[in-house]
Structures are given as structure tokens and as C-alpha cells.
Number of protein chains: 2
Amino acid sequence: MPRTIGFAKHDHDDCVQTALARADMHCANAGLRLTPVRRRSLEILLAEHRALGAYDLLAHLSAEGLGAQPPVAYRALDFLVRAGFAHKIEALNAYIACAHLGVNHTPAFLICRSCRSVAETDTAPAQGRLGDAAKAAGFTIERTVVEAEGLCPACQPESAS
Amino acid sequence: MPRTIGFAKHDHDDCVQTALARADMHCANAGLRLTPVRRRSLEILLAEHRALGAYDLLAHLSAEGLGAQPPVAYRALDFLVRAGFAHKIEALNAYIACAHLGVNHTPAFLICRSCRSVAETDTAPAQGRLGDAAKAAGFTIERTVVEAEGLCPACQPESAS
DNA sequence: GCCCAGATGTTATAACATATCAATAGCACT
DNA sequence: AGTGCTATTGATATGTTATAACATCTGGGC
């Protein structure tokens, strides 16, 4: 059943299964342990395909008997973020499954302020003006946060002819 | 040439006074009220010259008898951010005085993970790859968050022998 | 004086995140 | 199998960031 994700429709079950399979493989290769709580957390994030707060995730998990205290959710999220399977959206204090799982990338996000949907894209911010400014200042960039807030196609004002 | 401020020495009293004067003028012109709590909050942010949490600001204010409850700090910060006198650093959940007060700009930040100092520079993220991605997706960008975490010049490892 | 909008005072609570310590499970090595 | 190491989980408590809600005050136009 296609549903809207990012901002485009696609076969969602398929994308969830593909991502999980990639995560399994990556963990096997890297010696990481995708334990039940971690795997289920990733699955939930993938299935929702939008930014979830840690307590939103926790609500899902506890409904399934996988843990009821905040650390359960935060530990799972920490693992997923470290492994590159999920990203934190700083502007929302929320978490989202990585849309380019397995691909090395520098994520950037388009966040709809109306429906809270989030699309992940890719940038090279450290190679543009920001990189120049950092270089001039003698600053070493280790990680970048690039997030754009605005309106997704579905939430644009209709008329505005 | 992007402006970067924050890792260099300068006449601090002077920069605080200049910024306050600009804020006074801007408020007068725009019909905004730079009340005592708001003005003092800006002064504190300017004087500290680093990112402060809302509760850090509140501690300063309450020590001076200017209010003791969280909303006091959040209201002042909200005003300052709306007026463009301060910015929120999303990656730190903290606030910093604007370094380019009065100049129209799209802020970006270099955040030292070691000493927590923050430099403000500017970017045009919506005109690069991010803008292209937004355009392709039909997304309208209203605000961007661009933050780089890393090490400032003073916190670089001395000699990678 | 009266009204109104914006600002402030105050209480309470929501939302997000981590410290700490004990118990357990997986794994390498003998 | 037994030992010891480390990662993970369980559980309690607490710390940190942010807002809801409602009462009160203040300044300016009429």
C-alpha cells in the first residue's frame, strides 16, 4: 500500500524490509548487536517514517512489553544514531530512521512545520561557505546539523495564484 | 566574505555597548518595547558571549531580582529571538546574542564541543544543494538551521606528533 | 475615566534526557 | 565446563528544558 513519506509515495513495506535487511547485514559485518529492542525500535521509526520523540517511541515499545522506562528508548536511539540507522532532528528534539541506510552521507532535513513530515536529503555543507568560514577561523568541523523548516508540497497554501 | 565572530579577541565592553545601542534604535524604529528584563537579558547574553541555557539566564536575572520563574527567561528569549537580537542554538538547546545585530542575515554557527564557545557566521544554504533539493521536492524553506560541531582553534590537539 | 493590548507575575506541569547501580547475557580463553 | 571480561538490560530516581493556564498590572488611545 503506497503511503506518503519524505514527500513522495512509494512501497512502504518494501522500504522498511529493505532497510531492516541492510541494518542486519551492517551489524553482522561490524560486529554490532541488533538486539530485539533495537531492531524493533528501528522498525517502528521506519514504519512511522516521520520524526518521533523518544517518549513516542517508548510508548510503542512499552505497548509491546519491550520496556517502560525512558532509558530503554534513549539507549535504543543512541545505538541507532551511532550505527547510522537513525538521525536526531535537533530542531524537533526527535528522531527519524535514516533514509539512506548503508550509504555514507552527510544528512540534511526538510521539516514541514505544518504536518511535521521530514524528508532527508544530502549536503556537503563543510565544503561551501561554512567550510570556508571554519577554515578562516581555524575551526575543525566534525559534524554538521543542517535543517530547513518550511512547508512541504502537501501543506502549501492552495490558491496563492 | 562571510563574517565570523567568536574566536578572536576584541574590545568586549565596546561590542556590548554598540549592540545594545543598536537594539535600542531598532526597537524605537519598529515600535518594540525593550523592557528592563528584555534589555538586561540581552546585556547578559552579550556580556557572556557564549551560549547560555534559559535557566542560566534565569539564574542571572533572579540574582538581580528580575524574576524567578522559567517563563520570565523564556519570554525574554522569545522576544530577543523574534526581534533578531539573539539566536537559538538547536544542538545545545541554548541561546546566544546575535553577533551581527541589525544586519539581515542567515546565521550559521561553529560550536566547540570542548569549551562550548560558539562563533556565528552566515551562509546561504537555501541557495546551494539544500535549495536544489527543496525545489525538487516542492518544499518551501522558511528558516534554516546550520550548525557545525567540532573544535575551536584554542581546543585543537596541540601537536599530532 | 475607560478600554484594550501587551507585558508581567505565579503556579503547575509537560516534555526531553541522563546518572547510577544492580543484574544478566554473550563471548573469548583456558 | 569454568573464568573473567564487556556489552546490554532492568530499575529507580533525578536533572534539564519548555510551555500551559490564568491572574494582574501598565501604558496609550479614545
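This is a predicted model: local features need pLDDT of at least 70, side-chain atom pairs count only at pLDDT 80 or more; totals for chains, interfaces and linings use all residues.

A salt bridge is a side-chain nitrogen of Lys or Arg within 4 Å of a carboxyl oxygen of Asp or Glu. Residues are numbered from 1 along each chain as its sequence is written, chains are lettered from A and ligands numbered from 1 in the order in which they are written, and side-chain values use heavy atoms, with hydrogens and water left out.

**Stop 1: chain A as a whole.** Colour chain A by secondary structure. Follow the sequence and the pattern reads β-β-α-α-α-α-β-β-β-β-α-β. The C-alpha trace spans about 50 × 50 × 30 Å along its principal axes. Of the 161 residues in chain A, 44% count as buried (buried means under 20% relative accessible area, exposed over 50%, partly exposed in between, using a 1.4 Å probe and protein chains only).

**Stop 2: two salt bridges in chain A.** Select A:Glu90 and A:Arg143, whose side chains meet in a salt bridge (3.4 Å, N to O). This pair links distant parts of the chain, 53 residues apart: A:Glu90 is in the loop between strand E3 (86-89) and strand E4 (94-97), while A:Arg143 is in strand E7 (residues 140-151). Is A:Glu90 buried or exposed? At 7% relative accessibility, A:Glu90 counts as buried, whereas A:Arg143 is partly exposed at 36%.

Now try A:Arg40 and A:Glu43, which form a salt bridge of 3.5 Å, N to O. Both lie in helix H2 (residues 36-48), 3 residues apart, about one turn of the helix.

**Stop 3: a proline in a strand.** Click on A:Pro107, in strand E5 (residues 107-112) of chain A. A:Pro107 counts as buried, at 17% relative accessibility. Beyond its neighbours within four places in sequence, A:Pro107 is in contact with residues including A:His87, A:Glu120 and A:Val146 (contact means heavy atoms within 4.5 Å). A:Val146 is 39 residues away in sequence but 7.3 Å away in space, C-alpha to C-alpha.

**Stop 4: where the chains meet.** Show both chains. Here 37 residues of chain B are in contact with 35 residues of chain A. Across this interface there are 5 salt bridges. Zoom in on B:Glu142 and A:Arg113, which meet in a salt bridge (2.6 Å, N to O). Then select A:Glu149, B:Lys88, B:Glu90 and B:Arg143, which are linked in a network of salt bridges.

**Stop 5: the cysteines.** How many disulfides does the structure hold? Over all chains, there are 0 disulfides (a disulfide is a pair of cysteine sulfur atoms within 2.5 Å). A:Cys98 is buried, with a relative accessible area of 3%. Over in chain B, B:Cys112 is in no disulfide either, and the nearest cysteine sulfur, that of B:Cys115, is 3.7 Å away. B:Cys112 is buried too, at 1% relative accessible area.

Technical notes:
Helices (H or I, at least four residues) and strands (E, at least two) are DSSP runs, numbered from the N terminus.
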